[in-house]
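The sequence and the structure are shown first.

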Amino acid sequence: MSIVLITGGSRGIGAAIAKQFAQQGSTVYITYCQSQTAAAALQKQYGVHPIAADFRQPDAPKKLAETVLQQTGTIDVLVNNAAISIVNLFQCVSPAERTALYQVNLFGTTELTRAILPAMLRQHSGCILNLASIWGETGASCEVDYAVTKGAVIAFTKALAKEVAPSGIRVNAVSPGVIDTEMNAHLSAEDRRNLAEETPLQRIGKPEEIANAVCFLASEQASFITGQILSVNGGFLI
């Protein structure tokens with residue numbers, strides 16, 4: 001049994017990941033920001049342990065790490081999934097919006113990892129999985145800052161993997177394409193049809209398909225894989 005911490009684990013991709021780890025017998029901790037009801041439902045059905053955490057606050061990652069490590073002593077698998085998205089022209093994103101975006105998507109990932117890493121180094125093992133995005137690989141009009149944060153997550157994954165591999169810690173990322181989640185709820189029906197048609201597999205992805213990739217990379221089947229970006233996008237970007 002492994003101890004797993006998943007940020008943004010109450011809905012969408014995070015919830016799908018939490019369910020799969022729980023079904024595999026792992027002890028699963030999830031964070032939520034506003035979705036307390038959804039987190040409580042996961043707790044009741046799958047036995048996960050929900051913790052409130054607002055990554056817009058700079059001290060949230062450190063406080064979260066302290067809370068979980070006080071209860072568990074270690075983390076075997078860290079899944080950095082929490083993220084927000086802002087759709088607007090680059091020059092129209094407000095200072096408050098972009099500060100929140102970078103704080104959650106980038107610094108939430110780097111600073112939580114920084115806080116958890118010493119425990120993994122002590123046990124000479126661990127698995128860190130970051131959620132990137134197809135837009136971090138190729139860029140996205142009207143989501144420039146979001147794309148920047150996800151591109152940085154990709155660079156972070158590769159660099160940290162090189163640094164901690166001698167300590168038995170693996171670091172990988174999963175890069176989703178267009179997935180049927182609330183983050184994409186702003187898309188019109190026509191936009192969704194067009195994106196499906198642009199995807200060689202002719203459909204939008206499911207959260208469970210991202211969870212499958214994350215759980216594979218966390219498993220012993222992926223024991224010789226580190227520093228990789230696994231794109232799960234239906235062929236949208238090849």
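Predicted model: local features only at pLDDT ≥ 70, side-chain atom pairs only at ≥ 80, totals over all residues.

E1 and E2 belong to an open sheet of seven strands, whose order is E3-E2-E1-E4-E5-E6-E7 and whose pairing is parallel. The edges are formed by strand E3 (49-52) and strand E7 (229-232); each has a single partner strand, and therefore one side of each has no neighbour in the sheet. On average, neighbouring strands are turned by 20 degrees against each other, direction ignored.

E2 is mostly covered, with five of its six residues buried.

**Helices on the sheet**

Helix H2 (residues 36-46) packs on the sheet and touches E2 and E3. Helix H4 (residues 95-123) lies across E1, strand E4 (77-80), strand E5 (126-131) and strand E6 (169-176). The table gives the direction of each helix relative to one strand.

| Helix | Strand | Angle between directions |
|---|---|---|
| H2 (residues 36-46) | E2 | about 170 degrees |
| H4 (residues 95-123) | E4 | about 175 degrees |

**Helix H1**

Helix H1 (residues 12-23) comprises twelve residues and spans 17 Å from its first C-alpha to its last, close to the 16 Å expected at 1.5 Å a residue. H1 is mostly covered, since nine of its twelve residues are buried. The buried residues are Ile13, Gly14, Ala15, Ala16, Ile17, Ala18, Gln20, Phe21 and Ala22. After H1 comes Gly25, which has a positive phi near 100 degrees.

**Packing of H3 against H4**

Helix H3 (residues 60-72) packs against H4 at an angle of about 35 degrees, and the two axes are 8 Å apart. The crossing of H3 and H4 is right-handed. From H3, the contact involves Pro61, Lys62, Leu64, Ala65 and Leu69; from H4, it involves Phe107, Gly108, Glu111, Leu112, Ala115, Ile116 and Ala119. Sorted by class, this contact contains nine nonpolar residues, one polar residue and two charged residues.

Apart from neighbours within four places in sequence, Val104 is in contact with Phe55, Arg56, Ala82, Ala83, Ile84 and Thr109. For one of these, Ala83, the separation from Val104 is 21 residues in sequence and 5.8 Å in space, C-alpha to C-alpha.

Methods:
Residues numbered from 1 in each chain as written. Heavy atoms only, no water. Pairing = 2+ DSSP bridges. Helix = DSSP H or I, 4+ residues; strand = E, 2+ residues; numbered from the N terminus. Axes fitted to C-alpha atoms, helices over the stretch in contact; angles between N-to-C directions. Contact = heavy atoms within 4.5 Å. Expected span 1.5 Å × (residues − 1). Buried < 20%, exposed > 50% of the residue type's maximum accessible area, 1.4 Å probe, protein only. Left-handed = near helix turned anticlockwise from the far one by under 90°. Nonpolar A, V, L, I, M, F, W, Y, C, P; charged D, E, K, R; others polar.
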